[in-house]
Amino acid sequence: MAYIMKDLYKIHERYLETQNCTELDALVMAEDMFLNQLEDISKRFQLYVKNGF
């Protein structure tokens, strides 16, 4: 879990550096990006299992 939080913090910091936004906006954008990646991984894994490894 600490690894996930570390990555989320890095993404959050990058948004703060590159976007003209508040800290809360940066956190929300980072969380959205992270959740989208997690959803993509889940979909690819489901296809992998469905296709019989």
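How many helices and strands does the protein have? The protein has 2 helices and 0 strands, where helices (H or I, at least four residues) and strands (E, at least two) are DSSP runs numbered from the N terminus. The model is a predicted one, so local features need pLDDT of at least 70 and side-chain atom pairs count only at pLDDT 80 or more, while totals for chains, interfaces and linings use all residues. Residues are numbered from 1 along each chain as its sequence is written, and side-chain values use heavy atoms, with hydrogens and water left out.

Along the principal axes, the C-alpha atoms fill a box of roughly 45 × 20 × 15 Å. The accessible surface comes to about 4,700 Å², and 58% of this surface belongs to carbon and sulfur atoms; accessible areas come from the Shrake-Rupley method with a 1.4 Å probe, and for residues only the protein chains shown count as cover. Of the 53 residues, 11% count as buried. Buried means under 20% relative accessible area, exposed means over 50%, and partly exposed lies in between (1.4 Å probe, protein chains only).

Which residues, then, make up the largest nonpolar core? This core has 5 residues, namely Leu-8, Ile-11, Tyr-15, Ala-26 and Ala-30. The elements that give two or more residues to this core are α1, spanning 2-18, and α2, spanning 23-50. Helix α1 gives the most, with 3 residues. A nonpolar core is a set of buried Ala, Val, Leu, Ile, Met, Phe, Trp, Tyr and Cys residues joined through side-chain atoms within 4.5 Å.

Leaving aside neighbours within four places in sequence, Leu-8 is in contact with Ala-30, Glu-31 and Phe-34, contact being defined as heavy atoms within 4.5 Å. Phe-34 is found in helix α2, and with residues up to four places away in sequence not counted, Phe-34 touches Ile-4 and Leu-8. The C-alpha atoms of Phe-34 and Asn-20 are 20 Å apart in space, and the two residues are 14 apart in sequence.

Leu-24, Leu-27 and Val-28 make a nonpolar surface patch of about 270 Å². Patches are made of residues with over 30% relative accessible area and no salt bridge; like charges are joined within 9 Å, and nonpolar side chains (Val, Leu, Ile, Met, Phe, Trp, Tyr) within 5 Å. Leu-27 is in helix α2 and counts as partly exposed, at 40% relative accessibility. Val-28 lies in helix α2 as well, and its 38% relative accessibility makes Val-28 partly exposed. Between Leu-27 and Tyr-9, 18 residues apart in sequence, the C-alpha to C-alpha distance is 8.2 Å.

Turning to charged side chains, the count comes to 2 salt bridges. A salt bridge is a side-chain nitrogen of Lys or Arg within 4 Å of a carboxyl oxygen of Asp or Glu. Glu-39 and Lys-43 form one of them, at 3.3 Å from N to O. Both residues lie in helix α2, 4 residues apart, which is about one turn of the helix. Glu-39 is partly exposed at 43% relative accessibility, and Lys-43 is partly exposed at 47%. Arg-44 and Asp-40 also meet in a salt bridge, at 3.2 Å from N to O. Again, Arg-44 and Asp-40 both lie in helix α2, 4 residues apart, about one turn of the helix. Asp-40 has a relative accessible area of 37% and is therefore partly exposed.
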